[in-house]
Amino acid sequence: MSQALRNALVLVAAGGDHERIKKETYEYTTPARAALRDVADGLFFEHLWKRFEARTDAGSKADGDAAAEAARQAFVTTLHDHAVRIFEAALPEIPCPSIRRPRAEARARELFSAGMRKRFPFISTRTSPSPRDDDDVAA
């Protein structure tokens, strides 16, 4: 997740152009990556205990493996939700010429989602809030 976050944010710093990415532009991603690492560290041991309990509470090895995988997916999904919030909060902090910002952010969102889908195909990769229900929209 950290790599997907880094690659997407550095693309914003490069104005949405892969050819303009320079080594020094990666520095802009450090605060967001540190925030994601802190969240992951905070969630990890709780997740580890849930996986352990899932394995020990299961009746068979297959049940234990399935329960541990479900716990892992729950951890990844929770971490992904935090990563999306960190990504969205970091976007305005990344320097980018205003004329290029809309394109850069759109490309960054796509790259972030693609990076997440590649490594974690079981999670939803939305990077923006879901649309309102039909009854919430004013007529």
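Of the 139 residues of the protein chain, 33% count as buried (under 20% relative accessible area; exposed is over 50%, partly exposed in between; 1.4 Å probe, protein chains only). This is a predicted model, in which local features need pLDDT of at least 70, side-chain atom pairs count only at pLDDT 80 or more, and totals for chains, interfaces and linings use all residues. Residues are numbered from 1 along each chain as its sequence is written, and side-chain values use heavy atoms, with hydrogens and water left out.

View 1. From the N terminus on, the order is α-α-α-α. Helices (H or I, at least four residues) and strands (E, at least two) are DSSP runs, numbered from the N terminus. Take contacts (heavy atoms within 4.5 Å) with a separation of 6 or more: 68% of them join residues 24 or more positions apart.

**View 2. The largest nonpolar core has 27 residues**. Such a core is a set of buried Ala, Val, Leu, Ile, Met, Phe, Trp, Tyr and Cys residues joined through side-chain atoms within 4.5 Å. Met 1, Leu 5, Leu 9, Phe 87 and Phe 112 have the most contacts inside this core. Helices H1, H2 (30–57), H3 (61–90) and H4 each supply at least two of its residues. H3 gives the largest share, eight residues. Beyond its neighbours within four places in sequence, Phe 87 touches Leu 5, Ala 8, Leu 9, Ala 108, Arg 109 and Phe 112.

**View 3. The largest pocket holds about 190 Å³ of space**. The search uses a 1 Å grid over the protein atoms alone; a pocket is an open set of points where a 1.4 Å probe fits, with protein on both sides within 12 Å along at least five of seven lines, and lining residues have an atom within 4 Å of a point. Grid points are joined across faces, edges and corners, and the volume is the space filled by probe spheres set on the points. The lining includes Met 1, Gln 3, Asn 7, Lys 118, Arg 119 and Phe 120. Helix H1 (2–13) and helix H4 (101–119) each give two or more residues to this lining. H4 gives the most, with six. By class, the lining has six nonpolar, three polar and two charged residues. Here Ala, Val, Leu, Ile, Met, Phe, Trp, Tyr, Cys and Pro count as nonpolar, Asp, Glu, Lys and Arg as charged, and the others, Gly among them, as polar.

**View 4. Three aromatic pairs are found in the whole structure**. Rings of Phe, Tyr and Trp (its six-membered ring) pair if their centres lie within 6.5 Å; planes under 30 degrees apart count as stacked, over 60 as edge-to-face and the rest as tilted. Phe 44 and Phe 45 are edge-to-face because their planes stand at 75 degrees, with ring centres 5.3 Å apart. Phe 44 is partly exposed at 34% relative accessibility; Phe 45 is exposed at 55%. Phe 120 and Phe 122 are also edge-to-face, at 6.4 Å centre to centre and 80 degrees between the planes. Phe 120 is buried at 9%, whereas Phe 122 is partly exposed at 32%.

**View 5. Glu 105 sits in helix H4**. This residue is buried, with a relative accessible area of 16%. Neighbours within four places in sequence aside, Glu 105 contacts Val 12 and Leu 91.

**View 6. Pro 97 lies in the loop between H3 and H4**. Pro 97 is partly exposed, at 40% relative accessible area. Pro 97 and Val 12 are 85 residues apart in sequence, yet 9.4 Å apart in space, C-alpha to C-alpha.
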